[in-house]
Amino acid sequence: MQTSTTPNSSTKPRIVVVGGGAGGLELATKLGEKLGRKNKAEVTLIDRNTTHLWKPLLHEIAVGTMDEDVDAVSYRGHANAHHFFFRVGTMIDIDRDKREVVLAPMQDEDGVEFLPSTRIPYDYLVIALGSMSNDFNTAGVKDHCLFLDGPAQAHKFHNKLLNKFLRIQRVTGANNHVRIAIVGAGATGVELSAELHHAVHEIHNYGFDAVSNEHLHVTLVEAGPRILPALPERISGAAHGELVKIGVDVKLNTLITAATAEGLHTKDGQLINADLMVWAAGIKVPDFMANIAGLETNRINQLHVNEFLQTTRDATIFAIGDCAQFTNPDGSRVPPRAQSAHQMASTCYKNLVALLNNKPLHAYKYTDHGSLISLASYSTVGNLMGNLSKGSMFIEGRLARMVYISLYRMHQIAIHGLIRTGLIMLGGRLNRWLRPRLKLH
């Protein structure tokens, strides 16, 4: 077991953030600028990947309408620019007595260990691991379904999709249908369904003239009575109508009991034939987090936190984002959304700074600013809440699309600042002119 030696660790408070998702990276950036820059604390971000990608964009990576090489953020480069340290690694345990994060040994592509298990010391620890898809132990799902929990899985889907299109283009008389079944009609499932049809429309411009939307058969499966169950019924209905209009087969009240090589088996004995199956139903925190280090967790392994986002059994450990269970005063739970992670990161930042300055802590309050669902180039629907209207305002079309894109821009501003984000937007405009609209490799 190797213990990490970090610069000046004996003279400065050590703040360790585990997980570089939306909340984790925003928090590490703020702490680096506030404390790291002034040498008031040593801030370290740990993530198993070397680059950051905003998770709500993974469905676009999966179909090729976004190029990760352009939009991904290098953790090491970002850390250097914002005065914090980055360690690549996977947390497997927490030693609360010694206040150390335990990282798994690292192996190369051939399975040869090149770095032993490492321990990273901390004075304050923030868990921001996010979440992953929950297969609910459904038979065959792990063996036959794809997930969209990270860039590597999105790339796997993308490669399989391109291979299907290439076969249609090159093999005369071959099975010319691409049957894709998506389980779970939440935001990921709905947006992926629409993005697939948009991709087929675009692919004509790149030599795949034999491929059309008639070859694509997308089935969206939902166990409940409507799609987007966490959102208002008006949004759900509008999105459902748009999906049907572009040719998506939406199956409601359909429970999947097993996945096989042929497709998905339903509770009522039907078989939904599919060449590619994507599981996007439900979330959970990785299983190793269950009761980790004696901390209090729920049935999907989320860490219970108090009003200040501290874990209930250790005030030096915070949790933010999807991996935290925060209960509102009315008894409802904060939903696992990017806006929740952003708000939690802001409150956690204030509380860590307050602790170092012996100031009172700030209670976290969730504010629902609404939800937006992108249906590729076809439409965007959603509701905005807060200061825009008394209660909720339904929006769709071009206005909704502009607001949807602005959510990503707000995330970029949080980690890059206003000027750099402006330059990134300019670069994006140039790339739309210089590069293909689809990633075909």
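## Surroundings of leucine 148

Leaving aside residues up to four places away in sequence, leucine 148 is in contact (heavy atoms within 4.5 Å) with Lys55, Leu58, His59, Ala62, Gln153, Ala154, Thr188, Leu192 and Val278. The model is a predicted one, in which local features need pLDDT of at least 70 and side-chain atom pairs count only at pLDDT 80 or more, whereas totals for chains, interfaces and linings use all residues. Residues are numbered from 1 along each chain as its sequence is written, and side-chain values use heavy atoms, with hydrogens and water left out.

Leucine 148 lies in the loop between helix H5 (141-144) and helix H6 (151-170), where helices (H or I, at least four residues) and strands (E, at least two) are DSSP runs numbered from the N terminus. Leucine 148 counts as buried because its relative accessibility is 8%, buried meaning under 20% relative accessible area with a 1.4 Å probe and protein chains only. From methionine 132, leucine 148 is separated by 16 residues in sequence and by 8.4 Å in space, C-alpha to C-alpha.

A nonpolar core is a set of buried Ala, Val, Leu, Ile, Met, Phe, Trp, Tyr and Cys residues joined through side-chain atoms within 4.5 Å. In the largest such core, which has 53 residues, Leu27, Val101 and Ile127 touch the most other members, and helix H9 (residues 338-356) supplies the largest share, 6 residues. A second, separate core has 45 residues, among them Trp54, Phe157, Phe208 and Leu220.

Leucine 27 touches Val17, Val126, Ile320, Ala345, Cys348, Tyr349 and Leu352, residues up to four places away in sequence not being counted. Helix H1 (residues 22-36) packs against H9 with an angle of about 30° and axes 9 Å apart, the axes being lines fitted to C-alpha atoms over the stretch in contact and the angles running from 0 to 180 degrees between N-to-C directions. The contact is made by residues that include Leu27 and Leu31 of H1 and Ala345 and Tyr349 of H9.

## A three-stranded sheet

An open sheet of 3 strands has the order E17-E18-E19 with antiparallel pairing, two strands being paired if DSSP finds at least two bridges between them. E17 and E19 each have a single partner strand and stand at the edges, so one side of each lacks a neighbour in the sheet. The twist from one strand to the next averages 25°.

| Strand | Residues |
|---|---|
| E17 | 256-259 |
| E18 | 263-266 |
| E19 | 271-273 |

E18 and E19 pair over 3 bridges, and glycine 263 stands opposite asparagine 273 in E19.

Definitions and conventions
Buried < 20%, exposed > 50% of the residue type's maximum accessible area, 1.4 Å probe, protein only.
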